[in-house]
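Reader: I have a structure here that is new to me. Can you walk me through it?

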Amino acid sequence: LTALGDDAAVIDAGNGRVQVITTDFLLEGVHFDLAYVPLQHLGYKAAVVNFSDIYAMHGTPRQMIVGLSVSNRFSVEAIEEIYAGIYMACEQYGVDLVGGDTTSSPSSLYMSITVIGEVAKKDITYRKGSNEGELVCVSGDLGAAYMGLLILEREKKAFEANPNAQPDLSGHDYILERQLKPEARKDIVELLKQEKIQPTSMIDISDGLASDVLHLCEHSNLGVHLYEEKLPIDLATINVADEFQILPSVAALNGGEDYELLFTVKLDEHEKVKDLKGISVIGHM
C-alpha cells in the first residue's frame, strides 16, 4: 500500500488488516556514544524508537528482528547487556523477539532493528491526509531529549579534560531519561482510539518538530502555522536551555529524539482533543 517516504512500509495482509514494517540501522559514533550510553539503555532505546514508528502509523508493534555486529572489544557480558535492554523493551510493549543474526565487526558496534506491526486497514494513518484548517497536535513535551544530550556531552568533555573529575548529573534525571531511555507513545494511540479520534496524518518526532511537521506539510501539499506559546516544554528543559543560553522554543523545534506523536485532526474534533491529558494543540494546517 505504501513503501518509501513514511514512518513504515504498509503491506495489505487481507481480511481488513495491514502489516506495518519499519527498520533502523544504528552505528556507534554516529547514532550513539558509548562513553555515556549504558549498553542496556542502548538496547532498550534501539527497540523503542522502532516501536514509535509503528505507533506513528496508528498501529501496534508485534514482532522484532535484531541484527548485531560487534568487534572483539565487546565481551559476551556486554552483548548480554544489550539484549537485556531489548528484552525489557519487548516485555514492556508486548513485542516478540522472533529472530535475527549476530556477526563480528572489524571495529565499532552496529545494530539493525526491524519491527513488524499491524493495524486495521481503516485505521492506518500516513504522513499524508491532512486538510487545510485542521488542527496540529503533539503529545507530551518537546526539547527534553536534546537538553539531556547537551548535559551528557558537557560532562564527557569535562571528563576528557580531567579523567579524575566526577560527572555532575544531579538534578537532571528527567531530561537524561528522555535522552537515554525514551518511551514510545503507546498510551496516546490507545487514548485516541478510546476517544474515537482518528488522526488525519501522523508522524513521530525523531528529527525535531520543525523538520517533522514539514514532512506532514509536504505529503499533504500544505503549509502550517505553529504558535510558539503553545509549544509544550517542561520546566526542566527550560532551565537547562537557559543554562546553555538556548531559547527553549529553539530546543523544542530543532532538538529531536523526543519520540512524541505529531498529528492532525479535523477541526470539529477540537472540543474532544483540547482537554485530553498529554496532548497539546499547537497550530493548524
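Author: Five strands make an open sheet, ordered S1-S2-S5-S3-S4, with mixed pairing. Strands here are DSSP E runs of at least two residues, helices are H or I runs of at least four, and both are numbered from the N terminus. Two strands pair if DSSP finds at least two bridges between them. The model is predicted: local features need pLDDT of at least 70, side-chain atom pairs count only at pLDDT 80 or more, and totals for chains, interfaces and linings use all residues. Residues are numbered from 1 along each chain as its sequence is written, and side-chain values use heavy atoms, leaving out hydrogens and water.

Reader: Which strands stand at the edges, and why is one side of each left without a neighbour?

Author: Strands S1 (9-14) and S4 (96-104) do; each has a single partner strand, so one side of each has no neighbour in the sheet. From one strand to the next, the twist averages 20°.

Reader: In what sense do S2 and S5 pair?

Author: S2 (residues 17-27) and S5 (residues 109-120) are antiparallel, over eleven bridges. Threonine 23 has threonine 114 in S5 as its bridge partner.

Reader: What does helix H1 lie across?

Author: H1 (residues 39-55) lies across S2, S3 (60-70) and S5, at about 145° to S2. Such angles run from 0 to 180 degrees between N-to-C directions, with axes fitted to C-alpha atoms, for helices over the stretch in contact.

Reader: Changing topic: how many residues are in the largest nonpolar core?

Author: It has 66 residues, and Phe51, Met64, Met111 and Ile279 have the most contacts inside it. H1 gives the largest share, nine residues. A nonpolar core is a set of buried Ala, Val, Leu, Ile, Met, Phe, Trp, Tyr and Cys residues joined through side-chain atoms within 4.5 Å. Buried means under 20% relative accessible area, exposed over 50%, and partly exposed in between (1.4 Å probe, protein chains only).

Reader: What does phenylalanine 51 touch?

Author: Leaving out residues up to four places away in sequence, its contacts (heavy atoms within 4.5 Å) include Pro61, Met64 and Val115.

Reader: And serine 69, buried or exposed?

Author: Serine 69, in strand S3, counts as buried, at 13% relative accessibility. A polar atom of its side chain lies 3.3 Å from the backbone oxygen of serine 104.

Reader: Where is glutamine 19?

Author: Glutamine 19 is in S2, and is partly exposed at 36% relative accessible area. Its C-alpha atom is 9.0 Å from that of lysine 121, 102 residues apart along the chain.

Methods:
A polar contact is a pair of N or O atoms within 3.5 Å; within protein, one must be able to donate a hydrogen and the other to accept it, and residues adjacent in sequence count only if both atoms are side-chain atoms.
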